[in-house]
Amino acid sequence: MNRIFHTQLNRSLRLISILGGFLAPSAAFAHHAEWMKDKPFIQGLSMPVHGLDHMLVTFAVGLIAVQIGGYALWAIPAAFSMLLLLGGVMNV
């Protein structure tokens, strides 16, 4: 019975993964509101709240830093923030 349960669980997880893979790209559109069209600074500031994908990446960077620990606890999020700032400056 245990083997049957694991087989069904693996099938369910595989189905969820496949469906998630097909549905995720539609949720990852990084479009901006029409009133932000000619305002790149506002677009850059509002980017983290546009979608769940942005929040998950930020959360994942924090989790990685916590798992490494020590100096990385502050260095990794700081480097991530500096790269975000560099990307925002390049956008402007």
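Here is a short chat about reading this predicted model.

Visitor: What should I know before I start?

Guide: Residues are numbered from 1 along each chain as its sequence is written, and side-chain values use heavy atoms, with hydrogens and water left out. Since this is a predicted model, local features need pLDDT of at least 70 and side-chain atom pairs count only at pLDDT 80 or more, while totals for chains, interfaces and linings use all residues.

Visitor: Where is confidence lowest, and where is it highest?

Guide: pLDDT is the predictor's confidence in each residue, from 0 to 100. Helix H1 (residues 2-27) has the lowest mean, 69, and helix H4 (residues 72-91) the highest, 87.

Visitor: How many helices and strands does the protein chain have?

Guide: Both are DSSP runs, numbered from the N terminus: helices are H or I with at least four residues, strands are E with at least two. This protein chain has 4 helices and 0 strands, so the order from the N terminus reads α-α-α-α.

Visitor: Is Phe41 buried or exposed?

Guide: Buried means under 20% relative accessible area, exposed over 50%, and partly exposed in between (1.4 Å probe, protein chains only). Phe41, in helix H2 (residues 40-46), is exposed because its relative accessible area is 56%. Across the protein chain, buried residues make up 8% of the 92 residues.

Visitor: What share of contacts joins residues at least 24 apart?

Guide: Counting contacts in the protein chain between residues at least 6 apart in sequence, the share is 10%.

Methods:
Contact = heavy atoms within 4.5 Å.
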